Amino acid sequence: MELKSKMLIAEETLVIQLKQKDHQAKAFEVLVNTYKERLYWHIRRIVLNHDDTDDVLQNTFIKVFRNIDSFKGDSKLYSWMYRIATNEALSFLKSKSQKFKINNEKLMTKAVEDLRADVYFEGDEIQLKLQMAIATLPEKQKLIFNMKYFQEMKYEEISEILETSVGGLKASYHLASKKIEAFLKEN
């Protein structure tokens with residue numbers, strides 16, 4: 001409990017410094033160094049491609065920097081940033097599917113196929129099959145599954161990020177797990 005309260009104090013201090021022009025640059029550097037890896041993997045599980053992830057991550061931090069003054073502290077800073085990262089990743093996928101004139105499902109199938117050639121992908125055939133199964137899920141189930149399964153987030157944290165009830169999240173995660181299980185049995 002004590003560690004958690006220290007982290008909250010540190011987060012509150014960071015937010016204050018981010019809003020002060022004379023501390024902003026150093027505070028932003030601390031913010032990026034603290035959250036870049038977690039946000040990278042969150043985004044990567046949505047867009048799948050390393051280069052696309054880097055672009056979305058950069059856009060996320062730009063949005064955080066530009067909008068820090070509007071952060072009211074109603075949620076945790078990292079929840080707010082995860083929400084921004086999620087929205088940026090989903091917007092990126094939407095614009096990419098429009099650019100290539102294909103639906104999101106085909107885009108995700110192609111992204112999973114491209115993982116085989118991705119030098120940054122360290123998974124084996126089982127991981128590829130799992131990614132294929134996840135790609136077939138509806139968007140919200142995919143987000144929930146990734147956050148719960150890969151990032152081991154608590155339902156309460158996911159609820160804060162996605163602004164959804166815990167009960168709804170549990171139901172979505174259960175459905176996603178069943179769909180993935182069925183996909184893996186069939187393939």
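Predicted model: local features only at pLDDT ≥ 70, side-chain atom pairs only at ≥ 80, totals over all residues.

Student: Which residue forms an aromatic pair with Phe 61?
Tutor: A search of the whole structure finds ten aromatic pairs. One of them is edge-to-face, with 6.2 Å centre to centre and 90° between the planes. The partner of Phe 61 in that pair is Phe 28.

Student: How many residues apart in sequence are the parts that this pair ties together?
Tutor: Phe 28 also counts as buried, at 18% relative accessibility. Phe 28 lies in helix H2 and Phe 61 in helix H3, so the pair ties together parts at a separation of 33 residues.

Student: Are the rings of Phe 145 and Tyr 173 stacked or edge-to-face?
Tutor: Phe 145 is in helix H7 and Tyr 173 in helix H9, 28 residues apart. Both residues are buried. Their ring centres are 5.6 Å apart. Planes under 30 degrees apart count as stacked. Here the planes are at 15°, so the pair is stacked.

Student: Which residues form one aromatic cluster with Phe 145 and Tyr 173?
Tutor: The cluster holds both of those rings.

Student: What span should helix H9 have at 1.5 Å a residue?
Tutor: H9 runs over residues 166-186, which is 21 residues.

Student: Around the axis of H9, what arc do the buried residues cover?
Tutor: The buried residues of H9 are Leu 169, Ser 172, Tyr 173, Ala 176, Ile 180 and Phe 183. They are on the same side of H9, because they cover an arc of only 100°.

Student: Which exposed residues does the face turned away from that buried side carry?
Tutor: The buried residues of H9 pack against helices H6, H7 and H8. The face turned away from the buried side carries Lys 185 and Glu 186.

Student: Which helices do the buried residues of H7 pack against?
Tutor: H7 has twelve residues. Its buried residues include Leu 143, Ile 144 and Phe 145. They pack against H2, H4, H5, H6, H8 and H9.

Student: Is Leu 48 buried or exposed?
Tutor: Leu 48 has a positive phi of about 75° although it is not a glycine. Leu 48 sits in the loop between H2 and H3. Under 20% relative accessible area means buried. At 6%, Leu 48 is buried.

Student: Is Glu 163 buried or exposed?
Tutor: Glu 163 is in the loop between H8 and H9. Glu 163 has a positive phi of about 55°. Over 50% relative accessible area means exposed. At 63%, Glu 163 is exposed.

Note on methods
Residues numbered from 1 in each chain as written. Heavy atoms only, no water. Helix = DSSP H or I, 4+ residues; strand = E, 2+ residues; numbered from the N terminus. Expected span 1.5 Å × (residues − 1). Buried < 20%, exposed > 50% of the residue type's maximum accessible area, 1.4 Å probe, protein only. Arc of directions from axis to C-beta. Contact = heavy atoms within 4.5 Å. Phe/Tyr/Trp six-rings, centres within 6.5 Å; stacked < 30°, edge-to-face > 60°.
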